Amino acid sequence: MPIPAPFVSSVMEIQKDWIDYNGHLNMAYYNVLFDRCSDEAFELMGMGPSYAERRRLTCYTAEVHICYVRELHLDHRVTASLQILDHDEKRIRFFQELRHVDGWLAATSENLILHVDMAGPKVASFPADIMEKVVGMAKAHAALPVPERAGRSIAIRRK
């Protein structure tokens, strides 16, 4: 089966209780949408819920950087993409874009995840079968351009 580059989630809908007092999607729920996309991508790499249940291995988020670009509202439907930027034997760094189904960009998210042995819990190497799938997706994504917002830091720039 060909590996999508980038991986794109199924279509997701904004839920009524996610709308805040400003009338748009509360900032926390952008992360929920990004997380649902990464769940789908990780399932493709063999690291879904059954992986945690059967093998007692999982992934924990170490760091996230979200940029909010355009408001989302209740009637909006979105997809999120996931592009692996880097990985090693215990970590994956990936970039995501959240887009309205009409194509416009709503937000981006850059993430660093750790592979964890739940018995510790402690950071652990990916098993060979999983590493093969991570490498496969990373290779499929290697030809993609590095996203403009990847590697950003937060600062107040002064003249």
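# Reading a predicted model, feature by feature

Colleague: How many cavities of 30 Å³ or more does a search of the whole structure find?

Modeller: The search turns up 1 cavity of that size.

Colleague: Which residues line the largest cavity?

Modeller: Look for H65, C67, F95, T108, S109, E110, R149, G151 and R152. Sorted by class, that lining has 2 nonpolar, 4 polar and 3 charged residues. Strand 3 and strand 6 each supply at least two of the lining residues, and the largest share, 3 residues, comes from strand 6.

Colleague: And the pockets? What volume does the largest pocket have?

Modeller: A pocket, unlike a cavity, is an open set of points. The largest pocket here has a volume of about 360 Å³. Its lining has 21 residues, and D35, S38, D39, F42 and C59 lie nearest the centre. By class, the lining divides into 10 nonpolar, 8 polar and 3 charged residues.

Colleague: Which element gives the most to the lining of the largest pocket?

Modeller: That's helix 1, with 7 residues. Several elements supply at least two lining residues each: helix 1 (27–44), helix 2 (49–55), strand 3 (57–68), strand 5 (91–100) and strand 6.

Colleague: Next up, the core. How many residues does the largest nonpolar core have?

Modeller: The general idea first: in soluble globular proteins, nonpolar side chains tend to be buried together. In this model, the largest nonpolar core has 33 residues, and F42, M47, L72, L82, I92 and L98 have the most contacts inside it. Helix 1, strand 3, strand 4 (77–87), strand 5, strand 6 and helix 3 (128–142) each supply at least two residues of this core. Helix 1 provides the largest share, 6 residues.

Colleague: Take I92, then. What is I92 in contact with, leaving aside its neighbours within four places in sequence?

Modeller: Contact means heavy atoms within 4.5 Å. With those sequence neighbours set aside, I92 is in contact with F42, M47, I84, D86, H87, N111, L112, I113, F126 and V134. Two of those partners, F42 and M47, are also among the core residues with the most contacts.

Colleague: Is C37 buried or exposed?

Modeller: C37 is at 0% relative accessibility, so it counts as buried. The cut-off for buried is under 20%. C59, at 22%, counts as partly exposed.

Colleague: Where is K122 found?

Modeller: K122 is in strand 7. Leaving aside its neighbours within four places in sequence, K122 is in contact with H115, V116 and D117.

Colleague: What about the backbone? Which peptide bond has omega near -15°?

Modeller: The one from G120 to P121, and it is cis. P121 lies in the loop between strand 6 and strand 7. The bond from A5 to P6 is cis as well, with omega near -10°, and P6 is in the segment before strand 1 (7–8).

Colleague: One more angle. What is phi of R56 near?

Modeller: Phi of R56 is near 60°, a positive value in a residue other than glycine. You'll find R56 in the loop between helix 2 and strand 3. With a relative accessible area of 45%, R56 is partly exposed.

Key
Residues numbered from 1 in each chain as written. Predicted model: local features only at pLDDT ≥ 70, side-chain atom pairs only at ≥ 80, totals over all residues. Heavy atoms only, no water. Buried < 20%, exposed > 50% of the residue type's maximum accessible area, 1.4 Å probe, protein only. 1 Å grid on protein atoms, 1.4 Å probe; cavity = no way out; pocket = protein on both sides within 12 Å on 5 of 7 lines; lining within 4 Å. Points joined across faces, edges and corners; volume = space filled by probe spheres on them. Helix = DSSP H or I, 4+ residues; strand = E, 2+ residues; numbered from the N terminus. Nonpolar A, V, L, I, M, F, W, Y, C, P; charged D, E, K, R; others polar. Core = buried A, V, L, I, M, F, W, Y, C linked by side-chain atoms within 4.5 Å.
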